[in-house]
Each structure stands twice: as C-alpha cells, then as structure tokens.
Amino acid sequence: EGRPAVPQGPAQGPGARGGGPRMRRAAPPPQPKMAALKHRRTALERVEKFISEVYFTDCNLRGRLFGDRCPAASLSCFQTPRRIPYDEAVRQEFTPAKVGDSFGPTWETCWFKVELSIPPTWAGREVHFVWESDGEGMVWRDAQPVQGLTKEGEKTSYILTSSLKETEPHSMTLYVELACNGLFGAGKGSMIAPPDPDRRFTLTKAELVIFNRDVYELLVDLEILLDMAQLLGEENQRSFQALYTANQMVNVCDVSDPSTFPAARDLAAAIFSQRNGESQHTIHAVGHCHIDSAWLWPYEETIRKCARSWVTVVRLMECNPELTFACSQAQQFEWVRSWYPGLYAQIQDFVAKGRFIPVGGTWVEMDGNLPSGESMVRQFLQGQRFFQEQFGQICSEFWLPDTFGYSAQLPQLMRGCGIRRFLTQKLSWNLVNTFPHHTFFWEGIDGSRVLTHFPPGNSYEMHGRVEEMLKTVKNNKDKGRVNHSAFLFGFGDGGGGPTQKMLDRMKRMSDTDGLPRVQISTPDRLFSVLEKESSQLCTWVGELFLELHNGTYTTQAQIKKGNRECERILHDVEVLSALALARSSTFQYPTSELQRLWRLLLLNQFHDVLPGSCIQLVVEDALRYYAEIRGAGARLQEEAVQSLCGDLLQPRVGSTESTLVLNTLPWERTEVISRTGLPGFDGAPDLASPGGLREVCLSPSYWKPRSSNRSRVFFSLYSLLHCQFFLRCCFSVPLCSRESVPEGCYANQFALFDDVPLYWDAWDVMDYHLETRKPVTTLLKPLEISLAGGLRGSASFSLQIGKSSTLTQEIILDATCPYLRFLTQVEWKEAHKFLKVEFPLLVRSTNATYEIQFGHLQRPTHWNTSWDWARFEVWAHKWLDLSEHGFGVALLNDCKYGASAHRNVLSLSLLRAPKSPDATADMGHHQFTYAVMPHRGSFQDAGVIQCAYNLNFPLHPVPASSAQCPEAWSSFSVSSPAVVLETVKQAEDSPGAMVVRLYEAHGSTVVAWLRTSLPVQEATLCDLLERPVAGGCLPLEQRGIRLSFTPFRVLSLLLVLRRDATFSHLDNLEERPELKW
C-alpha cells in the first residue's frame, strides 16, 4: 500500500478511442497524520483573531455570540432635573423616543418606558434585553430594581430568560432609569477634569437578542488559554501547552456548527483540570465594588450607584451560589435601606447567609489623616453600631483601600472597636519608595498591633484575568512568610462591581497547573489563615505615609475649616448637654439630633471630600452640611446652656450686667474675652474652671506697645485687672528670654510657589514646587498699631499676593497669653499657586513634632534618605513644634493641616489653587488664625498641647445676671497635665450614664486622677464601642478615679450617675469640687 502507483495504459471505455472495457484507477493511499510546525507568533495571532471583537467578526467565534435581534416594540421617555423615585416617575407623561437620540445635559435623569415582545420563534433560547448608552442605567421590572446597566462596567444586558418557554410571558414592560453621567462622572476632556455641564448622552442600543451561551463559554476558555500562552513565557512549558490547545480548538471548532463546540471545550477542560502542587500560592478572591461616596459625582448620585451595583451583585448571587461580596461603608447601606427597601431586604438575606459581607466597621471610608481622634472613634462607633443593629454582627476587619495615608493612631482605635485586622492597598501608589511588605503587623504609637494585608495585585478592582493572578504572586513581598493573599474583583470607584465573566474566568483557574490556586473566599477566611501563618511576619511601626496626594492636606480650605469647626461644635454641644442632663432629669439629651449631625460630619470626612479632591457640586453639598451642623449646633448649645445655667441667665431688677464664661476644656484658663455692646471695653481676662462657669466684670486696663526699627513688633504688656472682688493683679508677659529668629531672617514670611503637578491636580503637590519659591514682599498697607491700649494689643498690615490676590493680617497679643496670634484674611484669586507661611527659627533639631489623633509623632527635618525627602509636605492637626533641649517654638492653627519642617524652618500650608476636578477650588474669601509660641523647656512642659486646644476651643461668654452668679463651678478636672479629657457625652445604650474619654498626650507613663463634682455612682472602663471591659470596674476614691496610662493610651469610662441625687451648679461653692462625689 505504501508503493507509488504504477502508471496505467490508455484508459479503455465506451468513450475511449479504440473501445474495449473501462479500467478503474486505484484510490490514492491515505496521507499520514503529520504534526504541523507552529510559529509562536502566528499561532497566537490566529487565536486572537478567532475571538477578536474587531477583526473577522463575520466569520470568527466572537461574531456568533449573539443570534437574532429584535427592536423594542415601543420606546418612550421623559426627562427631569431631579432624582425621583420609581412611583413618581411612572406617573409622568412619556413621549416617543428612539435609538440614536441624545439626552441631557449632565446630571439630568431620563426615564424610559420600554415595551418588549419576544418572537415566538425564539422558544428554548436564552433571551437578553440589551441596552447601551454612555450614561448609567437601572432596569426596573414590576416596580423593583433588577439590573444595573453601565457600558463602562461591562454590563449592557439584562437576562429575561435562560430558556424561553411557552408559559413565560412574551410581552412585558420595563422601565430604564438613565443617569446623565458616566461611571466616572462627566469630566470634560479627561476623567478628573471639571464636569462638562452641556454633555449629551446617546442611546445606541435598546433591543432583544438571542444570547448563545455555548459560544460565550468557548470564548472564555480561549481567552484564558490565550492569556496563559502569552503571559507564562516561552521558558514555561505550560505556555506552549495552552497555545497548542487553543490552536487545536480553533481547528476543531466550526463556528457555523455548534455541534463542534463540545469537542473544543473538552480540549480546554483537559488543560484546566491539570492540578497544582501543594506548595502553590492560594488567592482568596472576594467580590468587591468600591464606591466613592462622592467624588466626580454628587452624594445623591452615589445613592443610585449603590443601588445599580448592589442589585447586580444580588442577581449574580442568585446564579452563582459560590459568590461572596465584601461591602463597606454603613452610610451606603443606610442610603439603600431608605431609598430601595425591597433591594435592602434581599441584601439582608444574603448577609445572613454569609455571602454579602459588611466590612470596614466605619460610617464611610474616611480620610486616614485629617479627622480628629474623636471623629475617627465616631466613624467606628456609628458604623459598628449600624452593622450590629441591622445585621446582628460587627466587622472584624478595617477596610480602607483608597485613602491617602493612615494615621499611626489607627491601630489602637481599631482594637478599641473590636477590630484586629486591616486591609488596604493605597501605599502601592507611593511615588518614591516601594513599601516593603504586603502582609505584616502594623504597630501604632501606643504599641497596639493589627494584622495588615495589602492585596499584592495592588488593586481593589481586579477582573479575574490571568495577568492579575500572576502579578499577585510575583509582587508578593512576603514570599516564604505567607502563602495566601487577597484578590478583590469588580469594577470600582464609580461602582459597577463583579461581572459574570469575572466569575467564569476564575472558575477555570480554581486549581490549574501553572497558575496560583484561586478560590472564592471571604475576608475572614483570608485573615484566619494569615493569622495561622503569622509567626514570621515583620512589623511596621508608625504611620503608613502615602508618598503622593499630599496636596490634599490643603486643597479646599473651606472644607478643612468646616471640619475643624464642626468637630469643635459637636464636642461642645455634647459636653454641655451631658452636664445639663446630669443637673436636671427633665433635660432631654438630643440623642437623635446629635447622631444626625455626627453622621453629616462623618459623611463629609469621606476620603475624596475632606481632602478636597472632588467636584464643585460635592463641595457645595459639603459646605451646606457644615452650615447645617453650625446652625443646629448653635441651637442645641443654647438649649443646653439654658438648662444648665437656669436662672443665672435671667436679668434681675437692680443687678448689674455680668458675664458667665463656659469652658468646655478640662483645665483652668486665663484668657482675654471679647464683649460687644459695652463702649470702651472690648475684653477682659477670665479664670474659668474646667467645664464650668465663671463671672467676669470689666473695668479699664492698659498696655503700652513698643516697636523696633526692624518692622517686627515686640510687646511688653503691663495690665491692671479689676474684677468683682477688687483683686488687683499685675501681669508681665514677655514672649521669651532669648531670640527665636535667626539674624537676617524674618518670621511670618509668606511665600508663593508654582503648583503644577504631573496629573492629579487637586491631589498632588510635587517636590519640584520647592524650587519655585517666591517671597511675598509687596506691601499694600504698612504695619500699623490697631489696638494700643487695654488687655489686647494688635497691629495690622496688607500684602499683595501674586497677580490678583490680597492678604490682610492682624497680629494679636493678649495679656497672659503665651502665643502671638495671626488673624488672617485672604482674597484668593490665583491659579496653580501654593501659599505658605514660614517661620525660620534659631532652633536646631533633627526631628520636628506634629500633633496627630490622640497624640503626636516625630518626623525628620533632614532629607538624608528617599524616605525622608518623600515627606517634604506632611500633615498635622492643631500644632507642630521644633525644639532643642530647653527651648522650642510651636506653630498652632485653627483650621490648617498641611505643614513641613525642613532644617530650622517651620512652614504652614495655607492655600492652593488647583483647577481639576473643581475649577473654582479655593477661589474667594478665606479667614483663618495661626499662632506662634516660643517656649522654654519641652513642648509638653510648656503647655503647647493645651494652648492649641485653647486656640481651637474658645471660651463661651454668656450674658448673665450679676446677682445670681456663682464664683465658679467645675464638673471635671484631671490631676496630670499629660492627660487630656477629650470627650464627655451621654452613653449610647444607657441614658443614665455618660462616657468620658481621656488620652495620654505627652508620650509618658503616668497615673492620673479624674475628679468630678457630678453624682457618680459607678465607674467602669469600656472600649470605644462603649462595651464594658471585663474587670474594668473602678473604685471611687477620695481623690477621684485612679487611671493608669502608658504613652498615648486612650481610655474610655462609663460613669453611671445617681438619678436620686439633687444636683445643682451651686453644690460645690463651699467645697473643693475634686472632693465631692
């Protein structure tokens, strides 16, 4: 059979010449099956083209994904500028619409009524409703949301039926709610550009289609194999196995004959079923949908983003019983609960099944740097309580993947709120240094530690691709220490969440040789196995500083000011309301209203709002919320004061006008206060007892200013105080006994810098901005004395800043005050400029100290290493300090956060002028105060911490009747200056108790006595969620409550009050309040 055919003679047959019988030619032998030589590039491209969305779709597999199509039977719409509920929308008058129409402008909403009729010939087929537009859509069916539709999130169809049956309805009406914005807002020209107010949004598809599920499954197989072939590399045998298998699948598959598909799929299954070895890395895949509570869209749109994303997750869970989904931010759950109760009920069911998993434990994913310590406590308190009330559980992991740095106090706050695990990934954005770990212990300034994990893929929005799996393993910086890592999949930032294709990809990679193991998991499962492997993990001590986005410490100064002011307002309202409640059982503590105001403040601390990296609409919302807190806070404070002070505020016939001074801080204060309405008197010093009342009467005093020829004002104050008791005191307050500023330098020097980052305009200030420094020297109004007598002296001047801006400043020194205040007003009209004020100091230190939440930390003043100079712009709260042994200078502020200390220069960052995403950012009028405080000794011994509090928490003068005023009344005091009593509030779960929170502020180990004049019956240590600590009952001793602190430790106490006690503000006039219980 293998021989060559023998040539034959002339064919014989009826038609042949010569006639005779016809001879049959022998059949050719079959050819041997030969392995084709494959060129790697052509084989790869062959497979690529076979599944391409662009090339050869007339004959490739991709072109067979959809079968017959059918347009909507009817399409009509109506448009509204409001975001309205479904019930209201369907009652509107709809007008005809068609595919190709455009709608808008930006932020409008279009509701579409879509009538569908499925052809009866589609029986047995999978039918999808396909909707494509460049806006974000939501499908409503039977008055319930059923599917989010966002082209950018790869969700453009709603499955009507997986196999059309005769008994199923063939005609139906759907409604589509279309938001005239994209997944990332509506930036004009780029994602972070200010929104285009005139953008139109086009409807490009609205039709029924047959979806060929077998084609889809084959496409996913080929995509995975193609990725393995391309990404595993030519040195890896599995790369060639995947390539040759994919090539053979193309050979086997006849796109026009679905009966050939199973054989092709069997080839892929053979590859996917080849298992890994036991040592292979395990990836814990968790569905996720990071939704910024506001960013390039306003708060109201976020509510709809949550609904669109989460309803899609619910649909996926119904079809994929293995799917888990981690979801943070209690505020977003509350929005969905309020606006979409039907959807929320479904979510509750999946939470109960352990599949829709609340994580994070906070009200929102807040900024990790700028909120105060108490604000961070309230983020956890409000978040954890919400999750407990709604789902019967609190979160065991803190979830903050997209925040611009993490305070060194966070580990202690986490542990105090029942959390010992932390997940983020943002430090992968570091511009200069690569963070050395992905799994490690993070230790805070008090020594608290939490197990921390950064997903090594450096993202919270993976898509389940081979490339991402390989990157996760390759990037892992803790190989050999742990063999498990997180993989968060789903579209994020603007919402979207997981897709079916992501899940189908990962099913094929669950245990495939050459790839890491992939298992759908939960955060708890991941952290549990990491805890078991944690014996070899390293520890990172101190803050997790993001080497990027450090412009957010300054951008949108009005938001920063609103945050600081409202933190103070809520603090004061709680203190005064708690004291009013302790005094009178008839006083109604404003529990629900305070919760509402706190939640507004916490919402504005979201990590794109408080940092200022949001659009103008969000800024307007935030400022409106601050105004609401200010207004409601003033009303609540007035109600508390009226209850607390009672008849003292009522005018009496024959009595002289006097003033009650309320001090909401826990130490005695001597300050000049301002009063209006009394000619010739603008202030008086007052010694106010902690948390209590003091009467002040005014009489003339004087002081004399002296100016030098160097245009720097030195004040030598001699003031004479006459008070009600005719006590005469003489105060001499020199600023310091040594020069603070080097010869030839000037303090309070304003400097303007060019401020053009590489891309993230509102976010970033780059290191090279320091090369563009221009001192501000143009004088508009020369220095002159504003107040030259009395207990307050001041001088003022005005400067031209840049081309269009002006600054007016009043420098103020009060009697008995150890710091010099700078009341500053700026008309700011610059573009891409950065304004700072500098204080060169005659101080040498390699470190400066910065206040953070419930404590402080040091950062270098030199740039020895890349880790040092990457911190050229840092953040602080109320103060920063540069000290050498025996002397230092502190810089205080009432609403600023950006700062720096390089060598001997302290700088405070005042204003920026970015143009994206808000073109109007920071334009307009600003007023703020900062202060400089030279001091002897350490900043701790000099009282810098207390002075910064005093600057931020002014005394409250209240007109009163002199005849009724007590000498003084104090509610709380602390024996040690190292301990700050930060918070006094009603307990969340016990109306008859109050919570007081204290922290050690000096960085020392100390025993302190908390003294109070309130009728305390019982004192118990509690955690930050106000749960009593086991064995935490504290004895009530003659000296008070004994508390032991280690450096920066935060302690919370539950104080149960005796309700049968008669309590009055006059109780302790003849006794020492610290001895009264």
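**Briefing: a sheet, a helix pair and a pocket**

Strand β2 (residues 74-80) and strand β5 (residues 109-117) run antiparallel and are joined by seven bridges. The structure is a predicted model.

- An open sheet is built from six strands, with antiparallel pairing, in the order β3-β2-β5-β10-β7-β8.
- At its edges lie β3 (95-96) and β8 (144-150), each of which pairs on one side only.

- Helix α4 (residues 237-252) and helix α5 (residues 261-272) have axes that come within 8 Å and cross at roughly 170 degrees.
- Angles over 145 degrees count as roughly antiparallel, and α4 and α5 are therefore roughly antiparallel to each other.
- On the α4 side, the contact is made by R238, Q241, T245, Q248, M249 and V252; on the α5 side, by A263, A264, L267, A268 and I271.
- Sorted by class, this contact of α4 with α5 has seven nonpolar, three polar and one charged residues.

**The largest pocket**
- The largest pocket holds about 1,400 Å³ of space.
- It is lined by 42 residues, of which E154, S157, F211, Y216 and K501 are the closest to its centre.
- Helix α3 gives the largest share of the lining, six residues.
- By class, the lining has twelve nonpolar, twelve polar and 18 charged residues.

Key:
Residues numbered from 1 in each chain as written. Predicted model: local features only at pLDDT ≥ 70, side-chain atom pairs only at ≥ 80, totals over all residues. Heavy atoms only, no water. Pairing = 2+ DSSP bridges. Helix = DSSP H or I, 4+ residues; strand = E, 2+ residues; numbered from the N terminus. Axes fitted to C-alpha atoms, helices over the stretch in contact; angles between N-to-C directions. Parallel < 35°, antiparallel > 145°, perpendicular 65-115°, else oblique. Contact = heavy atoms within 4.5 Å. Nonpolar A, V, L, I, M, F, W, Y, C, P; charged D, E, K, R; others polar. 1 Å grid on protein atoms, 1.4 Å probe; cavity = no way out; pocket = protein on both sides within 12 Å on 5 of 7 lines; lining within 4 Å. Points joined across faces, edges and corners; volume = space filled by probe spheres on them.
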